[in-house]
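Thanks for coming. I will go through one model today, sheet by sheet, and then turn to the cores. Please have the viewer open.

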Amino acid sequence: MIENDAEGAPRRATLKDVALAAGVSQSTTSRALSGEGYVAAGVRERVVAAAESLGYVPHAMARSLRKQDSRTIGVLISDLRNAFYADLAAGIAARARREGYTMMLVDDQGSTEAEMDAARAFVATRVAGVIVTPLSGDVSDYLMRQHIPVIEADRQFSAGRCDAVIIDNSGVAKRMTDHLIDLGHRRIALFIDETTWTTGGERAAGYRSSLEGSGIAADPSLVISTGWDADGARKSAIDILARRDHPTAIFAANNLLAEGVWRATNDLGLRIPEDVSVVSFDDSEWMSMVSPGITAVAQDAVALGETALDRLLGRLKDPAAEPQTIVLEAQVLPRGSTAAPRAL
């Protein structure tokens with residue numbers, strides 16, 4: 001029986017408690033539980049039974065320090081309220097578990113300060129490596145200086161210096177804009193949250209490339225910086241759709257911005273696609289539940305997470321290998337939210 005601590009609170013069983021209960025030394029107990037080194041079968045069974053009866057859980061960090069081998073992966077995600085990032089984390093978690101790793105997950109909520117705090121915590125806890133959706137290059141630089149393998153996922157700031165798994169943002173954004181142009185649209189608004197990250201910057205570049213390739217002059221007033229959430233996009237959409245020369249199509253650069261645009265059309269009593277066509281970079285469950293459904297770029301966030309974990313395991317096996325950037329394709333899902341503009 002384990003006594004309470006000095007303040008009367010229950011305490012966890014220790015290796016010493018298991019050794020006392022089994023009637024063997026702590027070193028024998030350690031070998032029996034780790035499976036490393038010789039221990040007689042009867043003794044091993046007695047130690048395991050004692051550990052189970054006491055509810056003993058080995059101290060993973062201490063074991064990692066002794067063996068210089070961590071089985072914990074740090075995962076630093078931008079916003080778990082966004083289904084895309086939740087799915088990305090789920091992909092990492094499922095693959096990590098199959099490979100015998102535990103995931104330590106942190107949501108930095110878009111804060112660079114929180115991001116760096118989490119990175120320092122990962123270093124302090126001796127994680128094997130980190131997968132991050134970076135807010136800047138600082139976090140990857142810091143982890144690499146600490147000799148922690150790092151994989152940049154979804155966004156890339158350290159090309160050629162560390163591994164990354166990303167989507168072909170520019171190519172798919174061009175395909176989506178081409179689709180609208182092929183329908184006859186010429187005034188196409190781009191709703192975007194930022195252009196300093198590779199995600200936003202490359203999506204904007206794909207949009208501009210499509211316009212240029214079709215001989216359509218880019219109109220800066222149609223590139224709308226909406227902020228980060230659906231409410232900001234909703235307000236921006238109401239403003240631009242109320243103009244006399246409003247766009248005939250809106251390309252929302254992520255699922256939250258698409259939600260804001262969709263809500264704005266309802267606020268204004270506009271019909272999709274009769275009055276305005278709407279497309280989204282990022283699919284979301286609601287887009288297939290509304291009528292008409294929203295045409296969207298479907299990124300397989302789970303596959304992105306799985307691929308990032310696989311790349312990290314490859315890096316752990318071969319630390320000296322050249323950094324790799326893996327680019328995944330995304331699928332355009334045509335639904336009912338696009339049509340030729342009414343003027344035609």
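A definition to begin with: two strands pair if DSSP finds at least two bridges between them. Helices (H or I, at least four residues) and strands (E, at least two) are DSSP runs, numbered from the N terminus. This is a predicted model, in which local features need pLDDT of at least 70 and side-chain atom pairs count only at pLDDT 80 or more, while totals for chains, interfaces and linings use all residues. Residues are numbered from 1 along each chain as its sequence is written, and side-chain values use heavy atoms, with hydrogens and water left out.

Let me take the mixed sheet. Six strands form an open sheet in the order β7-β6-β8-β9-β10-β12, and its pairing is mixed. At its edges are β7 (223-225) and β12 (331-333), each of which pairs on one side only. From one strand to the next the twist averages 20 degrees. For angles, axes are lines fitted to C-alpha atoms, for helices over the stretch in contact, and the values run from 0 to 180 degrees between N-to-C directions. Strand β10 (residues 295-298) pairs with β12 in the antiparallel sense, over three bridges. There, A296 stands opposite L333 in β12.

Two helices go with this sheet. Helix α8 (residues 169-182) lies across β6 (188-192), β8 (249-252), β9 (277-281), β10 and β12, and runs at about 170 degrees to β9. Helix α11 (residues 255-268) lies across β6, β8 and β9, at about 160 degrees to β9.

Now the other sheet. In what order do the strands of the parallel open sheet come? The order is β2-β1-β3-β4-β5-β11, six strands, with parallel pairing. The edge strands are β2 (102-107) and β11 (325-328), and each pairs on one side only. Here the twist averages 15 degrees from one strand to the next. Helix α6 (residues 112-124) packs on this sheet and touches β1, β2 and β3; its direction makes about 180 degrees with that of β1. Helix α7 packs on the sheet as well, touching β1, β3 and β4, and its direction makes about 165 degrees with that of β4. Contact, for all of this, means heavy atoms within 4.5 Å.

Next, β1, residues 72-77. Six of its six residues are buried, so β1 is largely enclosed by the rest of the structure. Buried means under 20% relative accessible area, exposed means over 50%, and partly exposed is in between, with a 1.4 Å probe and protein chains only. T72, G74 and L76 point one way from β1, and I73, V75 and I77 point the other way. Six bridges join β1 to β2, which run parallel, and I77 has D107 as its bridge partner in β2. The chain crosses from β1 through α5 to β2, and this β-α-β crossover is right-handed. Right-handed means that, with the strands pointing away from the viewer, the path from the first strand over the helix to the second runs clockwise.

β3 pairs with strand β4 (residues 150-153) in the parallel sense over three bridges. V132 stands opposite E152 in β4, and I131 has I151 as its bridge partner. β3, helix α7 (residues 138-145) and β4 make a right-handed β-α-β unit.

Which residues of α7 are buried? They are V139, S140, Y142 and L143.

Last, the cores. A nonpolar core is a set of buried Ala, Val, Leu, Ile, Met, Phe, Trp, Tyr and Cys residues joined through side-chain atoms within 4.5 Å. The largest has 64 residues, and I131 and F191 have the most contacts inside it. Another core, of 15 residues, lies apart from it and includes F122, V139, I148 and V150.
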